[in-house]
Amino acid sequence: MTREVEDFNRRLLRARDAMDRAYAEPLDVRTVAAVAHVSPAHFSRSFRSVFGETPHRYLQRRRVERSMFLLRETERSVTDICFDVGFTSLGAFSRTFHEIVGEPPSIYRQGHGPIVAPHCVQLAAMRPRMAAGETAQSSSFGEAISASVP
Amino acid sequence: MITRLNVASIYVLDKEEALDFYVNKLGLEKGNDVRQGDYRWLTIRVPGQPGTEVSLEQPGSPLHDEATAAQLRELITKGALGGLVFITDDARGLYEELKSRGVTDFTQEPTDHFYGTDMGVRDPFGNPIRILQQGKAAQKATA
C-alpha cells in the first residue's frame, strides 16, 4: 500500500521536474502527464493533492519566477522575457505576473536588482508564493495548449 | 572550535539501491558498511576524500514508528527533504558521463552562472543533488 503511494509520488515529482526543466517550451498537460505515466485528468487531480496546486499553476509560478529572475538580472525587454519563459502572449504574461506578484513586470523591475545567491537556491526559494485564498481550479495548461497545436 | 564536517545523513527508501546509485551511477565510493544486529551503518563519500561521509538512513524501526516512517517515505518521494551539493572539476563532462551510465532524472542540465556551472539530478527516491563546477572567482574566494 505505502509502496504504491511512494512510487506514485516519485512519478509525479518526475513530471514536476520536467516542468522545471522545460518551462520555456510549449508544454501541454498531456506531455507532462505522460512523464508520470498517468492520464491527463488523473494527473492534474493527483498532482494537486500531492503538491497543493494544479500542474498549470505550478508551471505558471515557475515561468513567473524565471521572468522575475530575468527582469532583475538582465536588460532584456519585458516582451522578450515573456516569450523567453514560455508565455505565448504578452497579455497573458502581464495578467498572470500581476496576479501572482502583485505588481506589473515593469514596476517589479524598477524595485529589484540582482540577488546574490546560488542559482539553485533562487530556483527553489524565490518562486512566488501562492496568493492567499487562491483556488487554482484550472486543470489544463491554458494558453500553452493552443501554443502546442501546430 | 569545530574543524570539519564528518558525517551528514540523508534518508533513502532502500540502502542497497541507494548504494548502487551513489557508487555505480554517481561515482562515489562506499565508506563504512557495518552491521550491528538489524542495523546497517552505511556511508558513501567522494573518492579520495575520507574526511566527510554521507550516511544513508532508511526510515523505520528502531528510529521511527511505522506511521512516522511512512510520512518520511512520502516526503522523500515528493522531493521535500534536503539534499546534497557536490563539487566537480568538469560539470559538462560529468553530465555526459552520468547519462552514459543510465542516469535520467536530471532536474537541470549544466548551466553557467557567474559563480560557475551547475547541474541538478535526483537520486532514485527523490532526493535533490546539485553538482557545481566552481568558476575562477569562486575558486579564488574559497582557496
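Visitor: In what sense do E3(B) and strand E4 of chain B pair?

Guide: They pair in the antiparallel sense, over 2 bridges. Two strands pair if DSSP finds at least two bridges between them, so this couple qualifies. One bridge links B:Ile44 with its partner B:Val54 in E4(B). Before we go on: this is a predicted model, where local features need pLDDT of at least 70 and side-chain atom pairs count only at pLDDT 80 or more, while totals for chains, interfaces and linings use all residues. Residues are numbered from 1 along each chain as its sequence is written, with chains lettered from A and ligands numbered from 1 in the order in which they are written.

Visitor: What makes E2 a strand, and with what does E2(B) form a hairpin?

Guide: Strands (E, at least two residues) and helices (H or I, at least four) are DSSP runs, numbered from the N terminus. Strand E2 of chain B covers residues 29–36. E2(B) forms a hairpin with E3(B), with 2 residues between them. In the turn, B:Gly37 has a positive phi of about 65°.

Visitor: Why do E1 and E2 of chain B stand at the edges?

Guide: The open sheet of chain B has 4 strands in the order E1-E4-E3-E2, with mixed pairing. E1 (7–11) and E2 each have a single partner strand, so one side of each is left without a neighbour in the sheet.

Visitor: What makes a group of residues a nonpolar core?

Guide: The name means a set of buried Ala, Val, Leu, Ile, Met, Phe, Trp, Tyr and Cys residues joined through C-beta atoms within 7 Å. Buried means that 20 or more other C-beta atoms lie within 10 Å of a residue's own, with C-beta atoms placed from the backbone. The largest such core has 25 residues, and A:Ala15, A:Met19, A:Val32 and A:Ala33 have the most contacts inside it. A second, separate core has 16 residues, including B:Ala18 and B:Leu56.

Visitor: How do you know which residues of chain A are in contact with chain B?

Guide: Contact means that the C-beta atoms of two residues, placed from the backbone, lie within 7 Å. By that rule, 14 residues of chain A are in contact with 18 residues of chain B. H1(A) gives the most to this side of chain A, with 10 residues.

Conventions:
Buried ≥ 20, exposed ≤ 12 C-beta atoms within 10 Å, placed from the backbone.
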